[in-house]
Amino acid sequence: MGQDTVEELTKKLKIQSDIIKGYEKVLRLNEQELANADEIIRMYEQIIDYSRVELREAKETVQASSMVSNLSRDELMSAFDKIKSLEDANRKLREESLKFNKD
């Protein structure tokens, strides 16, 4: 009967050892999952940072485009004003020329 007890204890130790090995495997898997989760979090943070930079650059591009459009509009308006002034001056010169030719 003493031998049965040693065999039973050995069997129990084996079972407990197997249980511990199982827990160790689960722990390693959990550690791997945590490492994967950390990597995914880092990737999302990088994507967010990249998106933030892209958004800022897009806003700057839109602002620059708007500034260029405003400058172009201002230059165009200035050119139209100059053309109108030249047309007015040309008209006055023709009127003066006509008056000079009549005399």
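These are my notebook entries on a predicted model of one protein chain.

**Entry 1: overall form**

**Entry 2: surface and burial**

What share of the 103 residues counts as buried? I found 0%. Buried needs under 20% relative accessible area. The chain exposes about 10,000 Å², and 60% of that is supplied by carbon and sulfur atoms.

**Entry 3: charges over the whole chain**

Then I searched the whole structure for salt bridges and got six. For my own reference, side chains of opposite charge can pair when their charged atoms come close.

**Entry 4: salt bridges one by one**

I took Glu 39 first. Its salt bridge partner is Arg 42, with 3.0 Å between the closest N and O atoms. Both residues sit in helix H1, three residues apart, which is about one turn of the helix. I put Glu 39 down as partly exposed because its relative accessibility is 39%. Arg 42 is partly exposed too, at 43%.

Then I went to Arg 52, which forms a salt bridge with Asp 49; here the closest N and O atoms are 2.9 Å apart. Why are these two about one helical turn apart? They are three residues apart in helix H1, so about one turn separates them. I have Arg 52 as partly exposed, with a relative accessible area of 48%, and Asp 49 as partly exposed, at 41%.

Asp 74 was another one to look up. It pairs with Arg 73 in a salt bridge, and the closest N and O atoms are 3.6 Å apart. The cut-off for a salt bridge is within 4 Å, so I kept this pair on my list. Asp 74 has a relative accessible area of 40% and counts as partly exposed. Arg 73, at 47%, also counts as partly exposed.

**Entry 5: a nonpolar patch**

I turned to nonpolar side chains on the surface. Ile 40, Tyr 44, Ile 47 and Ile 48 form a patch there, with about 410 Å² of accessible area together. I followed up Ile 47, which lies in helix H1, residues 2–102. Is Ile 47 buried or partly exposed? At 48% relative accessibility, I count Ile 47 as partly exposed.

**Entry 6: Val 53**

Last, I looked up Val 53 and found its place in helix H1. Its relative accessibility is 31%, so I wrote Val 53 down as partly exposed. I also took the distance from Val 53 to Ser 65, twelve residues apart along the chain: their C-alpha atoms are separated by 18 Å.

How values were computed. Residues are numbered from 1 along each chain as its sequence is written. This is a predicted model: local features need pLDDT of at least 70, side-chain atom pairs count only at pLDDT 80 or more; totals for chains, interfaces and linings use all residues. Side-chain values use heavy atoms; hydrogens and water are left out. Patches are made of residues with over 30% relative accessible area and no salt bridge: like charges are joined within 9 Å, nonpolar side chains (Val, Leu, Ile, Met, Phe, Trp, Tyr) within 5 Å. Accessible areas come from the Shrake-Rupley method with a 1.4 Å probe; for residues, only the protein chains shown count as cover. Helices (H or I, at least four residues) and strands (E, at least two) are DSSP runs, numbered from the N terminus. Buried means under 20% relative accessible area, exposed over 50%, partly exposed in between (1.4 Å probe, protein chains only).
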